[in-house]
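Here are my notes for you on this one. Have a look at the structure first, then go through the points in order.

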Amino acid sequence: MFARAFRFDTSRLQAAFAPRKPRNPLLRLLAGIVGLVVLAAMLVVGLFVGTAMLIAGLGLRLLRQRNRPAAARPRDVVEGEYRIVGKPGLPLAR
């Protein structure tokens with residue numbers, strides 16, 4: 001019983017930081033509209049930042065390629081040796 005007297009009660013601390021909805025219907029509507037405006041602003045800013053990053057990356061790539069001669073630019077070439085396999089080599093082929 002002595003140990004219970006010195007226990008720290010966290011319910012008051014948690015209640016102090018818990019978000020509460022306003023009771024007034026107009027304030028509830030205003031809080032919802034503010035939340036939607038903040039969400040839309042974050043979406044628009046993120047869209048512009050992402051577009052700016054893509055444009056900057058493409059611009060840097062074009063500037064780097066401009067200084068190299070055409071022979072030094074990497075090309076998509078796949079080299080290899082190929083062999084044609086006849087039908088007896090494939091048991092399920094028709």
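1. Val-38 comes out at 43% relative accessibility, so it counts as partly exposed. You'll find Val-38 in helix H3, which runs over residues 25-66.

2. Keep in mind that this is a predicted model. The pLDDT averages 81 over the chain, and 79% of the residues score at least 70.

3. What is the chain built from? It has 3 helices and 0 strands, giving the pattern α-α-α along the sequence.

4. Now follow H3 from end to end. Its 42 residues reach 62 Å from the first C-alpha to the last, close to the 62 Å expected at 1.5 Å a residue.

5. How much of the chain is buried? Buried residues make up 0% of the 94 residues. The chain exposes about 10100 Å², and carbon and sulfur atoms supply 66% of that area.

6. Finally, back to Val-38. Together with Leu-27, Leu-30, Val-34 and Met-42, Val-38 forms a nonpolar patch on the surface, with about 470 Å² of accessible area between them.

Methods:
Residues numbered from 1 in each chain as written. Predicted model: local features only at pLDDT ≥ 70, side-chain atom pairs only at ≥ 80, totals over all residues. Heavy atoms only, no water. Patch = residues over 30% accessible without salt bridge, like charges linked within 9 Å, V, L, I, M, F, W, Y side chains within 5 Å. Areas by Shrake-Rupley, 256 points an atom, 1.4 Å probe, with all protein chains shown as cover. Salt bridge = Lys/Arg side-chain N within 4 Å of Asp/Glu carboxyl O. Helix = DSSP H or I, 4+ residues; strand = E, 2+ residues; numbered from the N terminus. Buried < 20%, exposed > 50% of the residue type's maximum accessible area, 1.4 Å probe, protein only. Expected span 1.5 Å × (residues − 1). pLDDT = per-residue confidence, 0-100.
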